[in-house]
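Thanks for coming. I will go through a few local features of one model, starting with the aromatic rings. Please have the sequence and the structure open.

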Amino acid sequence: MAPIADPDEDLVRRVGQGDPAAIQALVARKLPRIMALAKRMLSDAVEAEDVAQEAMLRAWKQAPKWTPGKAKFDTWLHRVALNLCYDRLRRRREVLTDAPPERIDDGPAPDQGLLSAETGARVDAALSRLPDRQREAIVLCHYQELTNIEAAALMEVSVEALESLLSRGRRALRVSLADLADSRGADRG
């Protein structure tokens, strides 16, 4: 099998050598994407920051031992972040309580005057209600802009299984957000 071409190979090598400029470049290049991934998976900005910081710390620690050609560094980093997200999601489910959880108000906040912000919040809420694997597939393909092949490899499923997860997730989002599509159609007509 041919080695995998990795655009981050030189940067990771320099990080492994302790090059401060390379460390800054790696953080600048990867942190925003990892933050976005974690925020969409967890629906919690504070937890997303913790996950992103932990993922970057692990990247920094792994860099001296990184073996080029086995996998793309970006794919490995996404897997680390996803695993950290799933650890937190599992801990959330394991919390036992006598009182029912507070229900989040799905309506727009009083200070949320922009339609696009409201729509974004609705999409995020709908996304957070998807089953974990469907949400993961949609986040990786649509928000992280990975190819189906890359996302399938990251999720350790076949491309066909990924496409099935995407299809079911998109269908659920369409149903959940149908009123948005209806109101846009009415605005045009």
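**Aromatic pairs**

The count of aromatic pairs comes to three, where rings of Phe, Tyr and Trp (its six-membered ring) pair if their centres lie within 6.5 Å, and planes under 30 degrees apart count as stacked, over 60 as edge-to-face and the rest as tilted. One of them joins Trp 66 and Phe 73: the ring centres are 5.1 Å apart and the planes at 85 degrees, so this pair is edge-to-face. Phe 73 also pairs with Trp 76, with centres 5.4 Å apart and planes at 35 degrees, so that pair is tilted.

Before going on, the basis. This is a predicted model, in which local features need pLDDT of at least 70 and side-chain atom pairs count only at pLDDT 80 or more, while totals for chains, interfaces and linings use all residues. Residues are numbered from 1 along each chain as its sequence is written, and side-chain values use heavy atoms, with hydrogens and water left out.

Phe 73 and Trp 76 both lie in helix α4 (residues 73–94), three residues apart, about one turn of the helix; helices are DSSP runs (H or I, at least four residues), as strands are (E, at least two), numbered from the N terminus. For accessibility, buried means under 20% relative accessible area, exposed over 50% and partly exposed in between, with a 1.4 Å probe and protein chains only. Phe 73 is at 0% and so counts as buried. Trp 66, at 16%, counts as buried too, whereas Trp 76 is partly exposed at 23%.

**Arg 135**

Next, Arg 135, in helix α6 (residues 132–143). Is Arg 135 buried or exposed? Arg 135 is buried, with a relative accessible area of 4%. Its side chain makes a polar contact with the side chain of Asp 132 at 2.9 Å. A polar contact is a pair of N or O atoms within 3.5 Å; within protein, one must be able to donate a hydrogen and the other to accept it, and residues adjacent in sequence count only if both atoms are side-chain atoms. A polar atom of the Arg 135 side chain also lies 3.3 Å from the backbone oxygen of Leu 127. Setting aside neighbours within four places in sequence, the residues in contact with Arg 135 (heavy atoms within 4.5 Å) include Arg 40, Leu 89 and Leu 127.

**Two loop residues**

Glu 145 has phi near 60 degrees, a positive value in a residue other than glycine. Glu 145 is in the loop between α6 and α7 (148–155), and at 64% relative accessibility it counts as exposed. Glu 156 has a positive phi of about 60 degrees as well, although it is not a glycine. Glu 156 lies in the loop between α7 and α8 (159–176) and is exposed, at 68%.

**A pocket lining**

Last, the second largest pocket. Its lining includes Ile 138, Tyr 143, Arg 170 and Leu 173. On a 1 Å grid over the protein atoms alone, a pocket is an open set of points where a 1.4 Å probe fits, with protein on both sides within 12 Å along at least five of seven lines; lining residues have an atom within 4 Å of a point. α8 gives the most to this lining, with three residues.
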